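Colleague: I want to learn how to read a model like this one. Take me through it feature by feature.

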Amino acid sequence: MREVLAQAAFQLFLERGFERTTVDDIVARAGVGRRSFFRYFPSKEDAVFPDHERCLAEMTEFLAAAVDSDPVGAVSDAARIVLRMYAANPEFSVQRYRLTREVPGLRTYELSVVRRYEQTLAGHLRSRFGEDGDGALRAEVIAASVVAAHNNGLRLWLRSGGEGDPEVAVDHALALVREAWGRPAASTASTAPAVLEASTAPVVPFAVSGGGGGDGDGEVVVMVARKGTPMWRVVQQIEAAVGEN
């Protein structure tokens, strides 16, 4: 019944326009009563986004089962659940995108839906990074980054009319998020140059003499980095220090 009502509503929105379609019109097209409509949808706006509640529940379940070793990777993978929902029905997704662009009220509603996804991702990250201080801030910033990256790739696909593989652009955007915020794996850290991690220090390179002849040969570059600093930032500073020496 939920699907029948959603299809009837969307057909009418395309035929008459969102504002000129009433709930009475929708239930008449679906052949049910008003009570049936409100049993499944609190408002007309909800009928435009009938699949988001299920998708949000699937995301929540996925994150609950995610391992702790790579929280940024987990929320990036969770965002792909939303992408797959859109990609499962390209025609409907493109039509909905165009309708949403035309109706200010639907754009506002869509923002509230996006915010719920972001809060779900942030909640998972806070459980890993901490509920207070920098942990909570880090969680909010990463969640916002994941959502922005996902939406950028998704909208490129929707604007194209649903042509091609939407995962290409989204995967590229999410890879940038993981590069910026992801922590290096244990195996990578064990083979990298020695790095001193301090809880309050920034990434700072400085040279320690290694018995060279005074021209820089034999010197060792020691890094002091804030715990959790992305590896790309550490490597960048090492390269800069080596270049200077």
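Modeller: Start with one pair of side chains. Arg 80 and Asp 77 are joined by a polar contact of 2.7 Å. Keep in mind that this is a predicted model.

Colleague: Where does Arg 80 sit, and is Arg 80 buried or exposed?

Modeller: Arg 80 belongs to helix α6. Its relative accessibility is 16%, and buried means under 20%, so Arg 80 counts as buried. Leaving aside neighbours within four places in sequence, Arg 80 is in contact with Asp 171 and Leu 174.

Colleague: Which contacts does Leu 83 make, beyond residues up to four places away in sequence?

Modeller: Leu 83 also has its place in helix α6. Leu 83 counts as buried because its relative accessibility is 1%. Leu 83 touches His 150, Leu 154, Pro 166, Glu 167 and Val 170, with residues up to four places away not counted. Leu 83 and Gly 153 are 70 residues apart in sequence, yet their C-alpha atoms are 9.3 Å apart in space.

Colleague: How do I check the geometry of α6 as a whole?

Modeller: Compare its span with the expected one. α6 has 17 residues and reaches 25 Å from its first C-alpha to its last, close to the 24 Å expected at 1.5 Å a residue. Then look at cover.

Colleague: Now α10. Why does its length agree with that of a helix at 1.5 Å a residue?

Modeller: Run the check again. Helix α10 covers residues 166-181, which is 16 residues, so it should span 22 Å; the end C-alpha atoms are 23 Å apart, which agrees. Next, list what is buried: Pro 166, Val 170, Ala 173, Leu 174 and Val 177. These residues cover an arc of only 95° around the axis, which puts them on the same side of α10. Val 168 and His 172 are exposed on the other side.

Colleague: What covers the buried residues of α10?

Modeller: The cover includes α6 (71-87) and α9 (133-159).

Colleague: Which residue caps the N-terminal end of α10?

Modeller: Asp 165 does. One of its side-chain oxygens lies 3.0 Å from the backbone nitrogen of Glu 167.

Colleague: How do I move from single helices to the core?

Modeller: Begin with the general idea. In soluble globular proteins, nonpolar side chains tend to be buried together. Here the largest nonpolar core has 37 residues. Those with the most contacts inside this core are Met 59, Leu 63, Val 82, Tyr 117, Leu 121, Leu 125 and Val 146. At least two residues of this core come from each of α5 (52-64), α6, α7 (90-102), α8 (104-129), α9 and α10. The largest share, 10 residues, comes from α6.

Colleague: Which residues does Val 82 contact, leaving aside neighbours within four places in sequence?

Modeller: Val 82 is in contact with Cys 55, Met 59, Tyr 117 and His 150. There is also a second, separate core of 21 residues, which includes Ala 9, Phe 37, Phe 92 and Val 103.

Colleague: Is Lys 44 buried or exposed?

Modeller: Lys 44, found in helix α4 (residues 44-48), is buried, with a relative accessible area of 16%. Follow its polar atoms next. The side chain of Lys 44 reaches the backbone oxygen of Phe 18 at 2.9 Å. The backbone oxygen of Thr 21 lies 2.8 Å from a polar atom of that side chain.

Colleague: And the whole protein?

Modeller: The protein has 12 helices and three strands. Of its 245 residues, 40% count as buried.

Note on methods
Residues numbered from 1 in each chain as written. Predicted model: local features only at pLDDT ≥ 70, side-chain atom pairs only at ≥ 80, totals over all residues. Heavy atoms only, no water. Helix = DSSP H or I, 4+ residues; strand = E, 2+ residues; numbered from the N terminus. Expected span 1.5 Å × (residues − 1). Buried < 20%, exposed > 50% of the residue type's maximum accessible area, 1.4 Å probe, protein only. Arc of directions from axis to C-beta. Contact = heavy atoms within 4.5 Å. Polar contact = N/O pair within 3.5 Å; in protein donor to acceptor, adjacent residues only side chain to side chain. Core = buried A, V, L, I, M, F, W, Y, C linked by side-chain atoms within 4.5 Å.
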